[in-house]
Each structure stands twice: as structure tokens, then as C-alpha cells.
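Hi,

Here is the structure I promised to pass on to you. Have a look at it first, and then read on for what turned up.

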Amino acid sequence: MSPTTTRSPQGSPEAVQNNESVLSHGLKQRHLSMIALGGVIGAGLFVGSGVGIAAAGPAIVLLFMGTGALVMLIMRMLGEMSAARPSTGSFSVHAEEEIGSWAGSTSGWMYWLMLCAGVAAEATAAGAIMHNWVPFIPAYGWVAIFTLFFCASNLTAVKNFGEFEFWFSAIKVTTIIAFLVLGVLGILGVFGSAPGTRHLTGHGGFFPTGAAGLAAGLLTTISGFAGLETVTIAAAESDRPSRNVARAVRTAVWRIAVFYIGSMAVVVSLVPWNNPKIATDGPYVTVLDSLGIPAAGTIMQIVVLVALLSAMNANIYGSSRMAYSLVSRGQGPRFLARVTRGVPAAAVVASCVFGFAAVIAGIVWPTTVFAWLLNIAGCSVLVVWAIVCLTQLKMRRRLEREAPELLSVRMWGFPYLTWLALAAILGVFAVMAANADGRQQLAGTAVVVAALAGAGHLKDRRDRRATVTD
């Protein structure tokens, strides 16, 4: 069936199901498990976390514990909703059904914008690495090569995305495990004298930069977790969506926490937080160099490249599926709903084109258009998470009344932990409002959110009028 020929009202559960039934189901449990693990392990952990360490010092461990706890709660909410009602649009579909079109449109298009901006940022960084290795091809040439390659692979079959992401994630997870093992051995003194607590309590103490440093580090740690939602989007294209997403969420939550918190604890225990190489070369390279691991810089540069390509691949996939789901519900240009061989081809191409256009904007207008886009994208994940909390509050109560058997995954401590997560997100917004850079991000994001919510509200009114007329 064509995604535009269903007679069910656009936005209804029946219409969503009919539209999404044309997508293939080529993902397996092993794909989803690795997507859940690797989806939030990117260059933000391997390199970007160094900025957070430089801002907050050893206290970065506490920040990652706090943000990690928030991420686990969000992941659990997403798992509960997606296991009960699998959908390519994931939280956007659920928000539309439980709250209204404005919530579905806002969360969906904000997420799409965030992922496309991520494609641009990751492609730019990957192009820079490759240009250093092969200088006769300019960085933007490598960006074009990577974009075309992943666009083509995502156009052929969803299993290609799954296979690429499986092996990319396997490399990243193996790297982190090896790093944690080497780090623990270093803390125990195997590679020299044991550091004890001198790096944790020296160099200005555990909180060397005070509240301002914690605020700056907080925003860095949160952005590092963006992308975890992809597994709930991908679940709809697996062979057994409800079971697979439930298993993926359960196994991923605690491992993500161990990887992030464990990595940061190893870094600040083994090297001084104010070592300038942490921010420039990255915390992993700095630690491995301090332990005397040969070719540490080259090894980690390869891993960072893999992480960037993995994130780029995942973002193209996630953005295309989200765009397809939105337009299938009448919340975007209908041509994006075109499906070829079980793949939303038009949405894949559109997401890649937008991402590449953002790269060009980064070259031509790096401090204006591109900076604005990245600022909006950085705040988008908080908007999405807030809507996820509100949606889960309503959906859980409705499912308990109407279909409790669908609750194969349940949010812990409901509704208290859901409200706690929402309060934490609002607290982050308050922290952002307290500094000039944060206020700029909030102002730009507020304009986009208002426009999307307004468009969704108008759609709600049109749908109500059409229902009354019929």
C-alpha cells in the first residue's frame, strides 16, 4: 500500500500503522542490542568529554553520574512506550496520540533537526581527520564521499544500516572495555607508581572551578548522550519489535552508565584535570600516553573516525525514519513519504542533502548560520526529553486502564521518577538561562519550538473541523 493512500485519518493510530507497514523489517536482535549500546558512544565521549573535564575538573564524574541517571530514566520511559506501541516515529507518534499534533510535530522535527545537524558536525570532523591522512583530497571532498556512501547504503536496505552499526558499535565498545582494563591496571600501579588520590584532590581540589565550571560541564555531558533514542526508532523495523526493544533497553542502560562514568573516573584518577592535552588531544589519548601505550594517538584517531562514521550513519537513519513518520501523519511535505524497496528513499535523500548543506553553511557562514544551527541542535535533545516525560505520564496511565498486558517494560518508580526526570530537565534549562551562551541557545530554540508547536496546533484545529464536517 502506498503511504499516502490510506483512508484512515492522518495522525490516527490506524494511519500510522498502515503507513509504517510498508517499511522492511530487516533488523535483528543483535543489531538493536549494539545500536542501543553504541548509539550514545561517539566522538563526544572519546574527544568532547575532554572539554567537560577542563571545565569541571574531577567533579565531571559526579556530572556524568547525574546525567547518566537522567539518561537511564529517559531510556526506560522510551523502552516502556516503544515496547507497548512500536513505531518508526517512536516518541513523536506517542506524543501526538497522547498530547496532540503540536507535541508530535515539535518533538519529531526538533529531533530531525538535531540529527541532521549531527550529520554535518560528524562529517566535518571525519573529513578533517581524513584530510590529515590524505591531504590531496580536501576535507569537504571527504565529507561528500562519506555522505554519498552512507546515503547509498541507507537507500539499499535497512539491514545495511544494521550491519554497519553493529560492527561500528562493536569496535567502540571493545575500545572502551580495553581502556577501562588498562586504566584500572594503571590505577593499581601496574604501569608505574599508583596515583592514589593526588589527581582527585590536588590541583585545586575535587571542585576546582566551582559552580560555573559545573554548569559548563553539565551542558557538555548532556550533549554527549544525544542519540540514545535511535534504538526505539529502529525497533519498528526489526523482526519482533516489542520483544527486541525491551531486551535492548534492559541490557543497555547499566552498560552505558558503566562506560561513561567508568571512563571519566579513570581519566581524572590517572592524569591531572588541568593537563592541556585533555582538551586538545582528548582524554583517552592523554591517559594512554601517560601509561606508555605505543601509538596511542594513532589508535584513538582511528577509533574516533569510526565513532564519527557510526554516528553519521545512525543519524542519517534516525532522521530519515523520523521525517518519514512525520509526513505520513500529515506533518510535512508528502513527497518525503515515498518508499522504495521498503526504505523511505525520499526521506533518506532529504536528510543527507540537509546535512551536506549544513556542512557548506559551516564553511561559508561558520559563526552565524552554522553556529545557530548547532546551538538549536544542542538544546533540542532537552526539548525532546521533556516531551517524552509528559507523554509517558499520560500513556502509562492510559495503558494501565485499557491494555496493561502491553506493559512488558515498566518505568521504575512511576510516576515519581518521571516527575523527577522532568524536574531535572527544567533545572538544566534554568542553568542555561543563567549564562549568556545558554540564553542564546534557549532563545533560538524557543523560536523554533514556538513555530513547530503553532503549526501542530493549527493541524489539530483543521483535523477537528474535518471531523465535525464529516
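L188 counts as exposed in this predicted model, because its relative accessibility is 63% and the cut-off for exposed is over 50%. You will find L188 in the loop between α8 (158–187) and α9 (198–201). L188 also belongs to a nonpolar surface patch of about 610 Å².

After α15 comes G330, which has a positive phi, near 80 degrees.

Now for the whole chain. The protein chain has 19 helices and zero strands. Its radius of gyration is 22 Å, close to the 23 Å from the globule rule for 470 residues, so the chain is as compact as a globular protein of that length. Along the principal axes, the C-alpha atoms fill a box of roughly 80 × 55 × 40 Å.

Buried residues make up 56% of the 470. Among contacts with a separation of 6 or more, 80% are between residues 24 or more positions apart. Finally, the accessible surface comes to about 18300 Å², and carbon and sulfur atoms account for 67% of that.

Enjoy exploring!

How values were computed
Residues numbered from 1 in each chain as written. Predicted model: local features only at pLDDT ≥ 70, side-chain atom pairs only at ≥ 80, totals over all residues. Heavy atoms only, no water. Patch = residues over 30% accessible without salt bridge, like charges linked within 9 Å, V, L, I, M, F, W, Y side chains within 5 Å. Areas by Shrake-Rupley, 256 points an atom, 1.4 Å probe, with all protein chains shown as cover. Salt bridge = Lys/Arg side-chain N within 4 Å of Asp/Glu carboxyl O. Helix = DSSP H or I, 4+ residues; strand = E, 2+ residues; numbered from the N terminus. Buried < 20%, exposed > 50% of the residue type's maximum accessible area, 1.4 Å probe, protein only. Rg over C-alpha atoms; globule rule 2.2 N^0.38 Å. Contact = heavy atoms within 4.5 Å.
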